[in-house]
Amino acid sequence: MGLKLDEIMKNANKRFKEDIITQGLNEFSYKRIPFTSPRMNYCTFGGIPIGKITEFYGEEHGGKTTTALDIVANYQNSEDDRDVLYVDAENTLDVEWARKIGVNVDKMYILQPKSQSAEEIFQIICDSVDTGEVGLWVLDSIGALMSAQELEKTMEDKTYGGIAKPLTLFGKRIEMLMQRHKCTGIGINQERQDMNSLYGGTTTPGGKAWKHFCSVRMKFARGKFIDEKGNELTRSAENPVGNIVMMSMTKNKTCPPTRRTGFYTINYETGIDYLRDLIEVAIKYDIISKSGAWFDIIDIETGEIIEGKIHGQASVYELLNTNDEILEKVETLVDKIMKEN
């Protein structure tokens, strides 16, 4: 008579020196790298999941790279002191903008390929992650890569599959390495017209397998421009000071699918407008009560009005920008209620 099931399970765990088989599962929640924007943290239940691949994709100037740099900056300020590997495949990384976002560029490994194939770049990422010294990698962007097959042929020669095949192999390998080393990945991708569809629409380079490897996929688009007071402007505005970044969640296997759309604000001089987004979340949770053009800041735990009869959202912004005590109270209330939800 052979071994019993319980013995097979124990032997498997002993063989691989880790508990890969359990009877039942404990409740599990993903640790996350937060965004600077409270609104984005609200939509993603705290940020992007650690140990998984997240894809940022969308139209040009949609905010994908800025969002990735924001995650890099917050990761560098976390307790995890491992390195960041940033693959600038397009050779267009704006170092000054990265610093404005809060990235410590001098402590980030930046790979800017010259004539390397996608396979060679993927191998560098895998080797780097396998050292255990990289905690976050960013690939910007998938659409800019060329497979070895494409590089070896002339413009007249036809190629099939593009980077889909090497990207599929990369996805298999990097997912295993990331799980082993608790590393996080961000793949930035472009949105292009789907030439194979009879009905139009868009698609992203890299094939279908890559989408499978991404636990989270977030689509970005540029929203309306804003002026110095946060008022929305038309698309034809000549001198905006910033714009809204629109986000929609197209795949999320790490939290409930109840918050599918969001946005945050970029100021071209100061980076991500934390205060403006904090106000949006505070309104969402009724910490800031809105009645027409009038606002009250309320301690939702006691019902006490912290500050009342504020006229206009711009005045609320100015109050929080100049009164550290009230700002701290609002931040504390927002942080607590977000953790509870």
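Residues are numbered from 1 along each chain as its sequence is written, and side-chain values use heavy atoms, with hydrogens and water left out. Because the model is predicted, local features need pLDDT of at least 70 and side-chain atom pairs count only at pLDDT 80 or more, whereas totals for chains, interfaces and linings use all residues.

Three strands form an open sheet in the order 15-16-17, with antiparallel pairing. Helices (H or I, at least four residues) and strands (E, at least two) are DSSP runs numbered from the N terminus, and two strands pair if DSSP finds at least two bridges between them. Strand 15 (288–291) and strand 17 (304–311) are the edge strands, each pairing on one side only. On average, neighbouring strands of this sheet are turned by 20° against each other, direction ignored; axes are lines fitted to C-alpha atoms, for helices over the stretch in contact, and angles run from 0 to 180 degrees between N-to-C directions. Five bridges join strand 16 (residues 294–299) to strand 17 in the antiparallel sense, and I298 stands opposite I305 in strand 17. Helix 10 (residues 313–322) packs on the sheet and touches strand 15, strand 16 and strand 17, its direction making about 130° with that of strand 17. Contact here means heavy atoms within 4.5 Å.

A polar atom of the R259 side chain lies 2.7 Å from the backbone oxygen of Y42. Neighbours within four places in sequence aside, the contacts of R259 are Y42, C43, F45, M249, Y285 and N341. With the corresponding sequence neighbours left aside, R276 is in contact with E228, K229, G230, T265 and Y317. The C-alpha atoms of R276 and V316 are separated by 9.3 Å, although these residues are 40 apart along the chain.

The structure holds zero disulfides, a disulfide being a pair of cysteine sulfur atoms within 2.5 Å. C43 is buried at 1% relative accessibility; its sulfur is too far for a bond because the closest cysteine sulfur, in C255, is 9.9 Å away. C214 is likewise buried, at 0%, and its sulfur is 14 Å from the closest cysteine sulfur, in C183, and therefore too far for a bond.

Definitions and conventions:
A polar contact is a pair of N or O atoms within 3.5 Å; within protein, one must be able to donate a hydrogen and the other to accept it, and residues adjacent in sequence count only if both atoms are side-chain atoms. Buried means under 20% relative accessible area, exposed over 50%, partly exposed in between (1.4 Å probe, protein chains only).
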